[in-house]
Structure formats: C-alpha cells, structure tokens
Amino acid sequence: MSRQAKLITLWGVVLFFTSMLWAGGFLIKGRIVGEEQAQAERASAVRASAVVSYTQQHLQQARALLSAVRQFHAVSRSLEDTERFIDGLGFDKSVIENIYLIDAEGRVAISHNPASADTSVADRDYFAFHRDPANRGAVHVSKVEKGRITGELLFRVSLRLNDADGQFGGVVLATINPAAFNSYFQQLNRDGVDRVIVLMGSQDHARRARLPMPRDDQWSEPIEADVWAMLTTQAKGRYVRTSSFDQISRTYIYEALAEWPLVVAVAFSAADVATQVNPRIEQMLVPAVASTIFVLMLALVGTAMVVSRERLVKANEQLDNLYKLMRAEATHDKLTGLPNRTLFFERLSHDLSRARRADKSLALFFLDLDGFKRVNDQHGHDAGDTVLIAVASRWQQTMRETDTVARIGGDEFAIILPNADRMEDLQAIATKLIKLTGQVIDLPNQGKVQVGVSIGISLYPAHGTEIDTLIAAADTAMYQSKARGKNGYTVSDTEPLAGHETTDWVVFTDAHLTGVAVIDDQHRELVRQVNEINRAVVSNLGPTVVHGLFDALFAYTTLHFDTENRLMAEVNYPARAAHEQAHAALLDELVQLKASLSTGGELLVLQTLK
C-alpha cells in the first residue's frame with residue numbers, strides 16, 4: 001500500500017472514530033439532560049407539596065382564629081370584650097399580621113390601630129363577597145393590595161359575621177404578609193438560578209406570594225397560563241410558560257390546595273437544569289480527553305454515564321427503603337412482624353369508616369393465649385417468643401388479605417375482619433383459630449409445648465359504632481371465654497344500640513365537677529359538642545356538617561381556655577404559664593385532628609377527642 005493510501009486510511013479511521021465520539025457525546029448529553037429535567041420536576045413537586053403544607057397550616061390557623069373570634073362575638077355581642085379576646089389570643093404575628101372586625105356598613109370596628117376607627121372598607125372585594133347571602137358560609141382569600149390602615153402590601157382571609165337574626169353583621173378578617181411566605185420560599189430555593197415559587201388564586205388568577213417578589217403594581221395583574229384550564233381536571237400537573245416578568249421560559253410544577261381557592265407553582269428554567277448537567281458532562285470529559293484511544297474513551301464516557309445514572313437510581317431506592325423501614329419499625333411488632341397497636345387502631349378506624357359508608361358489617365376478635373405464662377415460667381422467655389412467633393404465623397396464614405391480625409401487647413392479639421356478617425362464618429373462623437393454636441410447637445431446646453386461646457367477638461354496628469365501644473365489647477367477651485374454662489370463643493352479648501342517635505357517647509357525671517360553676521357549665525357544653533360530632537359521624541351526615549361542628553368545637557374550646565386563663569390570673573395560680581402552654585398545644589392538636597377528618601380517620605379523631 002502506498003504512503004498516500006496509508007495516510008488516507010489512517011485519516012479515515014481517525015475521522016470515523018471522531019464522528020462516533022461526537023455522535024456518542026451528543027446522545028449521552030441528551031440522556032443526561034433528560035434525567036436532570038426529570039429530577040428537577042421531581043424536586044419541584046416536592047417543593048410544591050411543602051409550600052402547600054406550609055400555606056394550609058397558616059390558612060387553617062387563620063380560619064380557626066377567625067372562627068373563634070366570630071363565635072366569641074356571637075356570644076358576647078360586645079366590641080370591647082371581643083377586642084380583649086383578640087388581644088388575648090397571642091398568635092404569631094410573623095405571618096398573620098393582625099385581626100380586624102368590620103361592621104355591617106363596612107367601617108372598621110376593631111383594629112390594632114385606634115386611628116383607623118371608622119375607616120370605611122365597604123368597597124373592598126371581600127366585603128362585597130361576604131355581604132352576598134350566597135356566600136354565607138364561605139371563606140374568602142383576597143388579592144394582595146395596600147392596607148388602608150398600615151399602608152403595607154397584604155392579603156386577607158375573612159369570614160362573614162351574622163346578627164342574632166341571621167342577617168349580615170359584618171366581616172372578621174386576618175391580614176397576612178406575603179413577605180413571610182417569601183422567607184419560607186427562599187429556604188426552599190437556595191440552589192436556584194432562575195427558579196420561581198408562586199402562590200396564586202385559582203379563581204382571580206392573581207398572585208398572593210412570589211419569589212422573586214414582584215413590583216407593587218404587578219400583584220393584581222392576572223396570570224395568563226394553561227394551568228387554569230388544567231385545574232378543572234387535575235389538581236397536580238406541569239405546564240410551560242414564558243414569564244411576563246423576565247421573558248424566561250420555565251417549566252412549572254403545580255399543586256392545588258384542598259378546600260382553598262389557591263394553587264402553588266414551582267418553576268425552573270433550562271439554566272437551572274444546566275447547572276446540574278454541566279458538572280456531569282465535565283466529569284465525563286476528563287477521562288475522555290486524557291485517553292488517546294477513541295474506543296476506550298467512548299467506553300469510559302458510557303461507563304461514567306451508566307454509573308452516574310445507577311447511583312441516582314440507587315440513591316432513590318435507598319431513600320424509599322429507608323422510609324419503608326422506618327414506617328415498618330413504627331407500625332409493626334418487632335418479634336412477630338404483625339401490625340402493632342398503633343397500626344391496629346389506624347386500620348380499625350379506616351375499616352369502620354368504610355363499613356359505615358357502605359352500610360356493611362365488621363367483626364373484631366380479641367384473642368388472649370391460655371397457658372402462655374406456664375411456658376415462660378417452665379421454659380424461659382426465649383420459648384415464649386417462639387410460641388408467639390409460631391401462633392402469629394399460623395393465624396396470619398389462615399386469614400384473608402383484607403383482614404388485619406395485630407399484636408396489641410404481650411400475649412394479646414386482635415383481628416379485624418371487614419365485610420363479616422354471617423355468624424356461622426365467624427364461628428367457623430374462631431374454631432379454626434383455636435385448633436391452629438392448640439397444635440404442638442417445637443422449642444429450640446428440642447422441647448414441645450401446647451397453648452390455647454380465649455376469643456371474644458364483637459360486631460359493628462350491633463355491639464358498637466365507635467372504636468372504644470367495639471373494643472370493650474370484644475374484650476369483655478374474651479374474658480367471658482376465660483371464665484367459662486378457656487380455649488373457646490364468646491360472641492358479645494351487648495345489647496344492640498337502639499336509638500343511638502340520642503345516646504350520649506361521652507357522659508358528664510358528678511365525678512367531673514370542679515366546683516367552679518362557670519367551668520363546670522363550659523365542660524358540660526364541650527361534652528355536648530363532642531357527642532354532637534359523634535352523632536353526626538355515626539349517622540353519616542357528611543363532611544360539611546362534621547367540619548362545621550368541629551369549627552364550633554374549636555371556637556368554644558378557645559372561649560373555655562380564655563375563661564380558665566382569666567380565672568387563673570385573678571387568683572395568681574402558680575402553674576398558670578404551664579397551663580396556658582398546654583392550652584396552646586391542645587388547640588394546635590385540634591387543628592391537626594380536623595385535617596384527618598377528610599382522610600377516612602374520623603373515628604380515630606373521635607377516639608382522640610374523647
């Protein structure tokens with residue numbers, strides 16, 4: 001082969017591998033960009049959910065405070081007493097700036113600034129909204145605008161006030177500072193280049209909070225975006241939009257707030273993705289440039305890409321596995337692997353809720369091993385552990401996937417059986433459980449033991465409609481089995497709860513009296529309200545009624561705590577500070593309990609209230 005032919009061949013090979021290198025590089029970069037784009041969307045979805053939780057927490061607090069003020073004012077009908085009540089609430093003003101009361105003519109009746117008295121706000125959107133009888137029970141979240149009292153940019157959460165005859169009596173509102181949201185957004189957005197976080201009204205399309213902050217004249221400017229049409233079919237999603245602020249195209253990940261006319265959107269640009277892509281590209285080019293063999297270089301680049309992707313996948317898997325492990329450890333018995341007492345109550349609450357809504361029955365078995373103490377005494381606790389593991393495994397294998405077998409403590413177990421209404425089936429199951437329990441168990445030391453089991457059975461709704469009454473019926477029946485000679489089953493003989501709608505679930509007795517008349521009267525009222533919520537739940541009156549009763553309970557609880565605080569101040573009660581701190585913690589717990597009402601946990605909420 002001539003010299004010229006060799007050179008041509010050599011340069012042909014060089015050009016071939018060079019073209020292969022560039023083609024491979026473009027493909028690899030495209031895959032990395034796709035991976036980082038997907039990762040940015042996942043991270044934005046996490047941030048959006050965090051902002052939703054943060055926003056709901058503060059809006060629920062504002063609504064609870066306003067409900068308490070409205071309830072107090074409806075009882076006292078005194079502006080002076082209501083103003084003192086507001087001053088005594090002691091809420092955190094870093095987000096909720098203040099609480100105001102507006103009379104039926106639109107004049108400021110209660111304000112933290114005395115100079116603002118009689119200032120008219122009748123032209124404000126929120127005032128017109130609440131004056132309309134069609135919006136009697138609705139909460140309004142206004143646009144951001146300058147306050148006439150403070151001159152600051154604020155938005156407002158407001159409720160309607162009614163006169164004693166039910167007519168429009170004015171508005172009670174809380175002002176919220178968007179800058180407080182901005183501080184929280186900055187904590188979530190420390191590594192962003194062009195990232196945006198925005199809280200928007202889903203009805204008026206205006207901003208309530210944004211990072212970066214807009215100009216004063218841009219707050220009420222309607223946002224034109226695809227999200228408004230998308231919200232009619234899905235509460236979460238993504239869209240792409242070029243911002244009117246800086247003309248940058250961004251991908252927006254949005255999530256709507258349940259029960260509030262608001263939506264959160266977290267956005268990132270191509271520049272944000274590039275900040276993650278470029279280091280990975282540069283990292284892969286280092287071995288590529290150093291290599292003189294193009295094939296090896298491509299192999300190294302490909303390997304680096306695969307390893308990088310595998311590490312990302314592995315990191316996500318480790319996070320998922322860690323969460324599952326932590327969840328399992330918190331909700332499952334370490335010895336038997338069965339659901340523990342915590343998960344048992346959670347599942348019983350949800351299964352009872354489903355049974356009530358579908359008008360179905362549910363059975364609850366309480367089981368206590370017979371002869372277990374003798375095994376521990378004669379063979380040691382290791383033998384006892386072996387017995388518990390063996391019995392739990394036998395029971396678990398014989399039950400349906402929809403059933404729950406739980407260890408609730410020591411040698412006590414419980415089984416939840418949804419959709420169980422045939423007594424002959426329940427008797428057959430109990431007989432089988434007794435037979436399985438009585439089979440010989442081999443011990444690690446070559447010994448053999450046998451145990452029995454006493455079973456108590458209760459049925460929903462025949463023996464109880466709440467968690468505690470159903471458990472008490474099954475527990476009593478189990479002890480009746482033991483009294484009859486053990487190793488058998490007993491169906492509860494509790495009488496059906498006829499006329500349950502008029503039966504008090506929580507009973508106020510003389511043992512609860514404190515000797516202070518006003519406190520005793522308020523305690524009776526709190527018991528009455530809890531019983532009213534219970535009747536609404538078991539009668540399946542619907543979430544609107546239950547949530548309304550819960551708001552009334554929160555308002556009256558706040559009034560009761562205010563009464564206690566006043567009486568403690570009058571007598572210089574030494575533990576007043578600790579008592580007030582406990583009051584605040586209980587009110588926070590009430591807010592959290594209300595959030596559980598819509599997720600199938602209403603019976604567990606009732607049990608906690610009791």
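The largest cavity holds about 140 Å³ of space. Keep in mind that this is a predicted model. In total there are 2 cavities of 30 Å³ or more. What lines the largest one? It has 14 lining residues, and Tyr100, Val121, Tyr126, Ile149 and Arg156 lie nearest its centre. Strand 1 (96-102), strand 5 (153-162) and strand 6 (168-176) each give two or more residues to that lining.

On to the second largest cavity. Its space is about 80 Å³. Its lining includes Val196, Val198 and Met200, along with Arg207, Arg210 and Arg241. Also in that lining are Ile223, Tyr239, Ser243, Phe245 and Tyr252. Strand 7 (196-201), strand 8 (207-211) and strand 9 (236-242) each supply at least two of the lining residues. Which strand supplies the largest share of this lining? Strand 7, with 3 residues. By class, the lining of the second largest cavity has 7 nonpolar, 1 polar and 3 charged residues.

His205 lies in the loop between strand 7 and strand 8. His205 is not a glycine, yet its phi is positive, about 65 degrees. His205 has 22% relative accessibility, so it counts as partly exposed. Then look past strand 8. Pro212 sits in the loop between strand 8 and helix 5 (227-230). Leu211 and Pro212 are joined by a cis peptide bond, with omega about 0 degrees.

There is another cis bond to check. Tyr460 and Pro461 are joined that way, with omega about 5 degrees. Pro461 belongs to the loop between strand 17 (452-460) and helix 12 (467-483). Lys486 is in the loop between helix 12 and strand 18 (489-491). Lys486 also has a positive phi, about 70 degrees, and is not a glycine. Buried or exposed, or in between? Lys486 is partly exposed, because its relative accessible area is 46%.

Now the open spaces. The largest pocket has about 900 Å³ of space. It is lined by 39 residues, and the closest to its centre are Gly137, Ala138, Val139, His140 and Leu159. Elements giving two or more residues to this lining are helix 1, helix 3 (125-131), strand 3 (140-141), strand 5 and helix 14 (543-570). How do the lining residues of the largest pocket divide by class? Into 13 nonpolar, 13 polar and 13 charged.

The second largest pocket has a volume of about 740 Å³. Of its 28 lining residues, Leu65, Leu89, Ala584, Leu587 and Asp588 are the closest to its centre. Helix 1, helix 14 and helix 15 (576-596) each supply at least two residues of this lining. Helix 15 has the largest share, 8 residues. The classes here are 12 nonpolar, 10 polar and 6 charged.

The largest nonpolar core has 62 residues. Which residues have the most contacts inside it? Ile99, Val157, Ile176, Phe181, Phe185, Leu257 and Val264. Helix 1 (residues 3-76) gives the largest share of this core, 12 residues. Take Val157 as the example. Leaving aside neighbours within four places in sequence, Val157 is in contact with Leu59, Ala62 and Leu66, among others. Its contacts also include Val139, His140, Val141, Val172, Leu173, Ala174, Ile176 and Trp260. A second, separate core has 32 residues, including Ala363, Ala383, Val449 and Val453.

Now a helix pair. Helix 9 (residues 372-379) and helix 10 (residues 381-398) pack at an angle of about 145 degrees, and their axes are 7 Å apart. From helix 9, Phe372, Val375, Asn376 and His379 take part. They meet His381, Ala383, Gly384, Val387 and Leu388 in helix 10. That contact has 5 nonpolar residues, 4 polar and no charged.

Gln522 is in helix 13 (residues 517-538). Why does Gln522 count as buried? Because its relative accessibility is 7%, and buried means under 20%. Leaving aside neighbours within four places in sequence, Gln522 is in contact with Tyr556, His560 and Thr563.

Definitions and conventions
Residues numbered from 1 in each chain as written. Predicted model: local features only at pLDDT ≥ 70, side-chain atom pairs only at ≥ 80, totals over all residues. Heavy atoms only, no water. Axes fitted to C-alpha atoms, helices over the stretch in contact; angles between N-to-C directions. Helix = DSSP H or I, 4+ residues; strand = E, 2+ residues; numbered from the N terminus. Contact = heavy atoms within 4.5 Å. Nonpolar A, V, L, I, M, F, W, Y, C, P; charged D, E, K, R; others polar. Core = buried A, V, L, I, M, F, W, Y, C linked by side-chain atoms within 4.5 Å. Buried < 20%, exposed > 50% of the residue type's maximum accessible area, 1.4 Å probe, protein only. 1 Å grid on protein atoms, 1.4 Å probe; cavity = no way out; pocket = protein on both sides within 12 Å on 5 of 7 lines; lining within 4 Å. Points joined across faces, edges and corners; volume = space filled by probe spheres on them.
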